[in-house]
Amino acid sequence: MTASYLLTATIVSAFAGVLLILLLPMRWGGAAKWIAFLSAVTGFGFAAAAFRAYDMSAGALPLQFGVDVPWVESLGIHFATGADGVSLVLLLLTGIIAITGVLFSWNVTRQPRAFFALFLTIIGGSYGVFQSLDLFLLFVCYEVVIIPKYFLISNWGSTNREYGAMKLTIYSVAGSALVLLGLIGVYILAPGRTLNLVALSQYPFPVAFQLWAFPVMFIGFGVLAGLWPFHTWAPTGHVAAPTAVSMLLAGVVMKLGSYGALRVAMTLFPQGLEYWRMPLAILATIGLLYGALVALAQRDLKFVVGYSSINHMGFVLLGLLTLNSLGLSGAVLQMFSHGIIGGLLFAVVGRMIYDRTHTREISVLGTMGLAKSLPFAALTFTVASAASMGLPGFSGFIAELQILLGTWKAFPVLLIFTMLGVGITVAFTLRALQKSFFPALISGETAPAPAPEPHEPLPPITFPERLGAVILMAATIGVGLFPKVLIDPILHSFESSQSMMHHLIQGVAR
Amino acid sequence: MSNSLTLLTFIPLIGAIWAALLPSKSTGQLRFAGLFTTLVALALTLSLAFQYDRAAGGLQFAERYEWIPSLHIEYYLAADGLSLVLLVLTALVTPFSLLAFGKGLSKLAVVLVLLLETTLFGTFTALNFVHWFFFYELSLVPAFFLIRLGGTPKATAAATQFFIYTLFAGFAMLLGFLAIYQATHTFDLTELAALARQEKLGHALSAAFPAFSGWISGAVFLGILVGLGVKVPVVPLHTWLPNAYTEAPAPVSMLLTGLLSKMGVYGFLRLLYPLFPGLMFHWQVPLLALAVVTIVFSALAALAQRDLKRIVAYSSVNHLGYCLLGLFAVAAATHADTVNRAAAMNGVILQIFNHGLTASALFCFIGFIEKRSGGLRGLNDFGGLREVAPVFAGLMGIAIFSSLGLPGLNGFVGEFLIFKGSFAIAPGATALAAIGLFVTAVFLLTLIQRVFAGPLAERWKAFPDLSTGERLTVIPAIALMFVLGIYPQLLIGLFNPTVLKLIF
Amino acid sequence: MNTLLFNLLTPELILADAALVVLIAGLIPFTSSHRGMILSLTLLGGLLSGAWILTHPANYSLFGGMVVLDPLTQLAKVAVLALSLIACVFAYGSTVKEHFAEYLALILFSTIGMMLLVGTEDLLMIFIGLELTSIPLYLLTGYLKKSSTSAEAALKYFMVGGVSAAFLLFGLSLIYGVTGVTSLRELAAITRTTGTDPLLLAGIVMALAGFGFKVAAVPFHLWAPDVYEGAPTSSAALIASGSKVAGFLILAKFLTFGLAKTSGSAAWDLMQAGWLPLLALIAAASVVIGNLAALSQRNVKRILAYSAIAQSGYMLLGLTAANANGVASVLFYVIVYAATTLGAFGVVAIVEQRRGGSDLDHFDGLHRTSPGLALCMGIFMISLAGIPPLAGFFGKFYLFSGALGSVASVHDGSFGLLWLLIVAIVFNAVSLYYYVIVLKHVFVAPADDAPAHDRACHCGVSAFVGLLALAVVALGLYPNALLNPIQNAIRSAVANPAKALVAQP
């Protein structure tokens with residue numbers, strides 16, 4: 001394939017940013033955000049260029065833009081990358097979240113160098129995971145993300161930040177411990193001591209091994225994807241994190257988990273998958289119901305958004321387990337969609353609102369007349385809520401539609417609960433939207449005098465915030481209107497007979 | 001102009017963006033933007049109605065693009081007589097409502113109304129379920145905020161209730177169509193109708209869900225029925241309506257009753273009937289009973305109300321019940337009974353248009369009353385207004401009589417056709433429904449009497465008559481009532497070929 | 001013969017000479033640059049010794065394996081030497097103020113012991129080497145005469161060390177009694193034919209107890225926390241690094257090269273008598289207890305001590321592979337671990353100097369006062385926790401995959417040592433907690449008052465800490481740099497044993 005540098009360039013641009021920022025003298029700390037912004041834009045540019053250059057007329061194998069350099073030759077470890085549609089969609093998502101994350105962190109003035117260096121490290125690691133074709137490389141990149149999260153949250157976070165950061169870190173590490181276990185098993189059993197995912201996907205692992213390795217790896221990755229009941233890190237972590245990191249967590253990091261579950265656990269162990277599919281699907285369904293119900297009862301706006309992430313990721317996992325092209329492509333689309341929407345919601349709650357009002361209590365926010373004082377924030381949150389509910393016209397709709405259709409085929413009984421979950425999602429989103437932004441009225445027309453505002457006027461929404469919000473809104477609406485742009489490459493990676501994940505669909509063709 | 005329908009759909013959207021960019025203080029500019037946009041849309045709609053080849057009938061101005069190929073979803077829209085009637089209605093009622101806002105017009109209101117118009121245009125032209133559903137559901141967002149413009153906590157609650165009801169109903173419908181998609185792998189409404197005509201749809205559903213083959217079609221039908229029934233609404237599903245209509249500002253209620261409820265009725269005609277003629281025939285008794293209950297119950301409920309808005313709200317339910325009665329009667333008839341079926345069907349479509357016009361005019365008048373009375377709108381709060389506001393009383397009287405179905409006004413022809421057709425097919429149900437007619441007459445006349453006749457209360461001595469602006473607002477609508485009452489062929493000619501296609 | 005003998009032992013001799021020179025230099029009253037001078041002499045000797053090893057590749061053994069000079073031992077010697085020298089540098093910046101020359105000379109003597117230890121394949125020399133290593137270490141531990149903790153640590157270390165030496169000696173003599181040989185290679189040849197003898201096993205168990213003390217494995221670990229905490233930081237650093245490398249290499253050789261045939265099996269479903277089940281048990285216990293005990297510590301040195309116990313467990317787990325691959329992985333890991341922990345002690349030494357203690361609280365806000373140092377500490381801790389892309393992760397991956405792969409069936413996908421691996425991986429995840437706690441104090445906790453006393457330049461120490469951090473990062477990104485030499489050396493040691501030099505008249 002031509003242009004094989006495109007993928008590697010995404011990683012390089014992120015880590016080049018990290019290096020540049022580390023080399024900045026302390027006096028010039030203010031320049032860190034500009035470097036981070038440039039680095040994010042460059043990374044996104046490369047990802048987008050790769051997305052554009054993706055050739056759907058060719059088979060999905062060999063993966064495009066592939067790079068394969070021996071790394072630890074004697075142990076069969078390679079720096080091998082490549083992309084199919086699924087990878088590209090998620091790379092694109094990472095790029096978007098990187099840019100907007102930097103924009104929403106424009107007001108970070110405490111230790112900006114460290115903040116943006118860690119931020120870009122997470123971005124670089126995520127780029128790495130989404131393009132790794134070597135399991136070792138994938139795991140390395142996957143773990144690279146963990147420690148920066150801890151520092152970002154514990155240093156720049158808000159409520160209960162040290163607790164949230166530690167909990168999140170411990171959960172992540174516990175999850176990756178499981179993954180490591182499976183990885184070593186795979187490494188030992190695979191012929192020729194290879195960890196190349198394409199080769200592994202074609203190797204029939206012994207069934208006895210698959211039966212334990214699949215759940216171990218799926219749950220290991222699932223922890224990061226908010227799989228119930230291993231999700232509890234997510235709400236506290238999301239809430240504790242600074243805005244850009246909440247966006248990253250919801251937008252990208254949770255996707256690392258679901259991507260790993262798909263690309264590694266499911267692709268490598270089809271028989272294990274077959275055996276454990278139903279129990280895991282039930283867990284996913286419980287997760288999406290549970291997330292929605294708990295979100296309904298929250299008093300802290302950020303907790304609502306945090307639990308909504310679990311709810312949405314439940315859809316992703318359920319979609320993955322349907323094992324039909326509708327459900328799978330819906331799940332991948334939902335990963336993208338939730339990445340954008342979750343990012344947007346956290347951006348509003350964390351940056352636009354909390355940084356100004358210093359509260360996230362829904363009832364308190366309700367008394368502030370936010371719709372009037374911060375109309376842009378209200379508009380953004382409304383759009384994000386509508387998208388989060390899965391209203392048509394936003395990216396979530398098509399994704400959830402596909403997942404529902406896929407679920408219907410695969411697990412007709414679960415469909416009832418899934419629909420219930422959709423319903424409760426609407427309810428909690430609407431509740432949060434109303435109570436915090438539009439408690440009684442939205443127009444001054446026949447309004448009674450608004451509650452006396454105890455605070456001095458809130459600072460207006462800044463340009464970087466507007467830009468970031470507009471990018472994210474454009475993304476969710478754009479995908480909602482033209483989902484084909486993403487669905488085609490996603491489907492291509494599943495349905496093309498030359499694909500490493502093709503057997504996922506065939507395996508259960510009844 | 002092969003893209004005229006797309007153009008039509010997005011004209012209000014462009015207008016909304018335009019309005020959004022205007023400064024929020026300048027009501028004049030905002031009103032101009034809103035009116036200009038809606039009038040352009042009206043002009044385009046009318047020109048489409050004239051261009052429409054009535055001889056050929058059927059779907060015209062079709063546009064078709066691949067949208068989501070993996071799900072066989074297309075951007076597919078076209079218009080037939082039915083669509084055109086609703087497009088014209090939409091294009092008429094929207095500027096009417098904008099005018100009715102008067103001085104209370106805010107930037108948000110203009111933007112929302114225009115957005116709503118886009119979703120309405122989209123709904124009335126879409127021919128792929130997902131495409132249709134897209135606009136159908138999207139209309140909730142502007143509607144939700146429009147209801148909240150009422151500004152009271154009750155309005156908030158009502159908006160939420162409306163939103164939740166409709167959205168959940170939408171889910172039920174979505175679920176039904178997902179089942180259909182599983183069975184047929186298409187969302188294309190015309191293809192599905194063709195399948196249904198060959199009686200293959202039910203078989204396909206049974207085959208796709210062998211475990212539930214006995215009742216899957218019924219379940220899907222019920223899902224869609226509930227989904228649409230909430231929007232119309234049909235009686236046990238109507239509870240959101242009085243609250244929403246009452247708490248919303250009157251111009252918004254105009255849109256709700258004039259246009260949004262029509263989405264439901266349109267759905268019945270476009271989705272339910274073409275896809276499930278067999279089931280509708282099979283279940284004619286409960287369906288007709290549903291229509292009768294809707295008619296009678298809502299009429300009696302209106303009789304018991306003491307709030308002008310609630311009265312008109314229930315009367316709205318009542319009038320739409322006639323549409324359902326006509327439709328269910330058409331479905332219940334044997335195939336050969338062409339004359340009566342055509343009559344009833346024509347009546348239904350005519351009634352859709354007429355009710356849209358009349359009910360929105362009534363809400364407009366109530367809005368004027370509210371503005372004058374400072375929010376009072378109790379049935380017993382007024383009296384003798386005829387003396388101080390004769391023009392007001394006269395024009396509103398015309399609207400009320402149109403609603404009553406007085407011959408010579410538009411309401412009559414539709415109801416007459418419905419009753420004529422239905423009576424021949426389902427005499428029992430129609431006879432029961434006639435109770436509704438009488439009750440309607442009672443409460444509407446009571447309204448006239450209590451508000452306009454009788455002794456004039458002291459406090460209303462200064463009740464101003466209609467201003468010039470207000471007259472200009474309502475007179476076109478009143479004029480149209482007369483025109484259609486006298487010359488209904490103007491509309492019938494447009495959709496009659498479609499009706500013939502629908503019932504065959 | 002004499003020249004050859006001289007050649008073979010030149011590095012050790014150079015060190016011994018250097019130690020004597022340093023001792024003499026310490027007697028000459030000098031000016032202020034006194035300590036620097038002494039350090040320079042020490043380093044010079046060490047560098048000469050190292051340079052000799054690097055420039056004289058050889059493959060000989062002497063006295064039936066008592067002294068072996070092959071790529072493997074040379075590699076190990078260089079590693080031990082490098083670690084010791086860095087410890088010397090740390091001593092320069094540490095609390096050791098009096099009798100500095102004697103202190104460095106003791107380090108050099110201990111280093112000689114380590115080099116002899118890693119350079120032998122004979123039971124007798126193993127014991128001698130261990131004692132040569134340990135005795136200077138006892139002294140180094142108790143070097144702070146006025147500190148009661150230091151004295152206590154030294155006493156504890158000495159007592160436990162003495163007892164364990166007795167065990168080791170007893171064990172080795174039993175092995176000798178059963179087999180009649182002291183050379184590991186001959187031992188291997190004999191056990192290949194005789195198989196497992198109960199008395200031999202008893203000997204092995206005793207010897208393992210002795211080694212267990214050396215590498216601080218549970219249940220022979222009790223000395224470690226007190227010694228790490230009480231000893232001068234540079235002494236603790238040496239105990240944790242150089243001595244550990246030597247101990248593990250010799251343990252690996254002893255078990256894998258000498259007693260491979262008596263290993264038995266530690267597979268879950270078919271345990272067999274031998275040293276493997278015992279080793280596996282010790283490994284598991286070390287991992288569990290080390291990690292759990294570390295969770296509640298408030299002193300960074302103690303955390304490092306318990307972490308050392310846990311890390312010993314991982315390395316013992318690597319030894320359960322009982323093959324050359326396992327030895328390679330253990331050697332790789334122990335070198336990486338030693339470098340990492342040495343670096344961590346370097347940071348501790350500096351902090352101790354500046355803030356007068358090594359409790360967690362003393363590290364508060366380190367990132368404000370010295371960001372570079374904080375970054376290095378971050379790298380060391382994360383590497384110890386086994387988080388990629390640092391060397392510690394790669395080392396663990398190599399260890400774990402080697403161990404798991406040793407008893408595995410490709411056909412039914414079963415792994416005999418899975419249970420051990422699960423224990424290791426689970427507790428590795430647990431370990432992250434206390435490493436992160438250290439980092440929390442370094443990076444997150446605010447510095448209430450940055451004590452400015454003793455702002456003496458620690459340039460030398462800092463530079464070496466930085467170098468070690470760089471090495472940890474580099475070895476993580478490019479493990480080949482260390483991995484290939486180790487693999488080649490071990491391949492050569494297995495396939496191409498050192499040629500015996502016959503004594504000439």
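Guide: Start with helix 12 of chain B, which is mostly covered: 25 of its 26 residues are buried. A residue is buried if 20 or more other C-beta atoms lie within 10 Å of its own, exposed if 12 or fewer, and partly exposed in between, with C-beta atoms placed from the backbone. Helices (H or I, at least four residues) and strands (E, at least two) are DSSP runs, numbered from the N terminus.

Helix 12 covers residues 250–275 of chain B. At 1.5 Å a residue, its 26 residues should span 38 Å, and its end C-alpha atoms are 36 Å apart, which agrees. The expected span is 1.5 Å times one less than the number of residues. The helix bends by about 35 degrees at Phe268(B). That bend is the angle between axes fitted to the seven residues ending there and the seven starting there.

A word on the source. This is a predicted model, in which local features need pLDDT of at least 70 and side-chain atom pairs count only at pLDDT 80 or more, while totals for chains, interfaces and linings use all residues. Residues are numbered from 1 along each chain as its sequence is written, and chains are lettered from A and ligands numbered from 1 in the order in which they are written.

The model scores ipTM 0.86 and pTM 0.83. pLDDT is the predictor's confidence in each residue, from 0 to 100. Chain C has a mean pLDDT of 84, and 92% of its residues reach 70 or more.

Strand 1 and strand 2 of chain B run antiparallel, joined by 6 bridges. Strands pair if DSSP finds at least two bridges between them. Arg64(B) stands opposite Tyr76(B) in strand 2. The hairpin has 4 residues between the strands, and His72(B) takes a positive phi near 55 degrees. In strand 2 (residues 73–79), 5 of the 7 residues are buried, so the strand is largely enclosed by the rest of the structure.

Now the neighbours. In chain B, 29 residues are in contact with 30 residues of chain A. Contact means C-beta atoms, placed from the backbone, within 7 Å. Strand 1 (60–68), helix 5 (129–138), helix 6 (140–148) and helix 7 (153–184) of chain B each supply at least two residues to this side. Helix 7 of chain B gives the largest share, 12 residues. By class, the side of chain B has 20 nonpolar, 7 polar and 2 charged residues. Ala, Val, Leu, Ile, Met, Phe, Trp, Tyr, Cys and Pro count as nonpolar, Asp, Glu, Lys and Arg as charged, and the others, Gly among them, as polar.

Chain B and chain C have no contact, and their closest C-alpha atoms lie 39 Å apart. Of the 2 pairs of chains in contact, A and C share the most contacts. There, 30 residues of chain A are in contact with 32 residues of chain C. Helix 7 of chain A gives the most to the side of chain A that touches chain C, with 14 residues. That side divides into 23 nonpolar, 5 polar and 2 charged residues.
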